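Morning, everyone. Please bring up the model on your screens, and I'll walk through it.

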Amino acid sequence: MEDYYPPIAYTVPDKDGGMLLKTVLQQRMGISRKLLSRLKLTEQGIQLNGKRVYISEKVKPGDLVEIRMQQEVSDDILPQPMTLDILYEDDHLLVVNKEAGIIVHPTHGHYTGTLANGIVHYWQSRGWKYRFRAIHRLDQETSGVLAIAKNPFVHQHVSEQMIAGTVDKRYLALVHNAPDPAVGTVDGPIDRDPEEPHRRIITVDGYPSLTRYEVREEYDGASLVALKLETGRTHQIRVHMTSIGCPLIGDRMYRHPLYSSRGIDGPGKADTSLQVEGMDDSRAEAASSPALARVMALDESISRQALHAASLTLVHPMTREQMTFSAPMPEDMAALQQRLQQRVR
């Protein structure tokens, strides 16, 4: 059995006597059509009372139905050592606190240094065989809770929860200004910007997108906002908060409207001073506009958008237990929050 993960078993109750094995697999054990097709082609994929059978077989009360998935590895991902902040792990699920600046999965131009590279190394160093299957994604500069499935069954079931909207995803963001009202919903369909495909915009023909928010703390020109995603569109929080006049502090893509109104490209990533001497045109313009100067100073006080995936709640596919995983606010956002709190006093 070394080539298989531990079996997932189901004992047929009296009420299911006479049911087709196929029906048991799909309706009682929740096996998807795609996974069922894979299991049928696997030597020990589907067994009834320890024997391989056709799924057209009828079951009897007390029968033991088992599925076994073949072990897999991510041969296309280069293992690389990486410090991981593991929040939870069992034989089926891995949950980590992703560091800001780390890409989740290798993409064109980014084949190494991703979270996947680090996790594949971590598993291989322990002699474990798993394929990297991120259940959801976080932007490169977003920190926080990320769940990874260790087999296709778990990936399928949590993905279905995502689609059904039963996975609870909570975020914390430090934003410019403060939403009004303090508790509300942003309902704006999102799609690609036809002029800049890497960006997203709110458009009538976009995909339905819903974000709920609540102001937790209000500062001078900024606020800490808790957010709940009802949908999971790319850049959803960043786009929605910008649309209500509260862009994320430090966001280099979705900027405060003061930049465009002054014809300035946006915040830089290094020099945080606002001295007149030696300034470029943007800084000179900022120095002449107190409001813009405050916005730029805030944006340059953190090297990425101030967004953190604070918690994730889902039903574990194996135990059927509802579980919540949380990650504390990272140091850079906590330091910015402290500076903002001091400005209020």
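**The largest pocket**

Before I go on, the ground rules. This is a predicted model, so to speak for it, local features need pLDDT of at least 70, side-chain atom pairs count only at pLDDT 80 or more, and totals for chains, interfaces and linings use all residues. A pocket here is an open set of points on a 1 Å grid over the protein atoms alone, with protein on both sides within 12 Å along at least five of seven lines; a cavity is a set where a 1.4 Å probe fits but cannot get out; lining residues have an atom within 4 Å of a point. Points are joined across faces, edges and corners, and a volume is the space filled by probe spheres set on them.

By class, the pocket lining has 10 nonpolar, 13 polar and 12 charged residues. Nonpolar covers Ala, Val, Leu, Ile, Met, Phe, Trp, Tyr, Cys and Pro; charged covers Asp, Glu, Lys and Arg; the others, Gly among them, are polar. Which helix gives the most to this lining? Helix 5, with three residues. Helix 4 (152–164), strand 9 (168–176) and helix 5 (236–243) each supply at least two. Helices (H or I, at least four residues) and strands (E, at least two) are DSSP runs, numbered from the N terminus.

Next, helix 3, residues 115–125. Eight of its 11 residues are buried, meaning under 20% relative accessible area with a 1.4 Å probe, protein chains only; over 50% is exposed, and in between is partly exposed. Tyr 122 and Trp 123 are among the buried ones. The buried residues of helix 3 pack against strand 5 (86–89), strand 6 (93–98) and strand 8 (143–149). Just after the helix, Gly 127 takes a positive phi of about 75°.

Now the aromatics. There are five aromatic pairs. Tyr 5 and Tyr 130 have ring centres 5.6 Å apart and planes at 10°, so they are stacked. Tyr 5 sits before strand 1 (8–11) and Tyr 130 in the loop between helix 3 and strand 7 (133–134), 125 residues apart. Both are buried. The rule: rings of Phe, Tyr and Trp (its six-membered ring) pair if their centres lie within 6.5 Å; planes under 30 degrees apart are stacked, over 60 edge-to-face, the rest tilted. Ring pairs link Tyr 5, Tyr 122, Trp 123, Trp 128 and Tyr 130 into a cluster.

**Cavities**

How many cavities of 30 Å³ or more are there? Two. The largest cavity holds about 40 Å³. Its lining includes Trp 123, Trp 128 and Tyr 130.

**Two buried polar residues**

Last, Asp 299, in helix 8 (290–299). Asp 299 counts as buried because its relative accessibility is 2%. Its side chain makes polar contacts with those of His 176, at 2.9 Å, and Tyr 259, at 2.6 Å. A polar contact is a pair of N or O atoms within 3.5 Å; within protein, one must be able to donate a hydrogen and the other to accept it, and residues adjacent in sequence count only if both atoms are side-chain atoms.

Then Gln 337, in helix 9 (331–344). At 14% relative accessibility, Gln 337 is buried. Beyond its neighbours within four places in sequence, Gln 337 contacts Leu 174, Glu 217, Tyr 219, Leu 224 and Met 329 (heavy atoms within 4.5 Å).

Terms used: Residues numbered from 1 in each chain as written. Heavy atoms only, no water.
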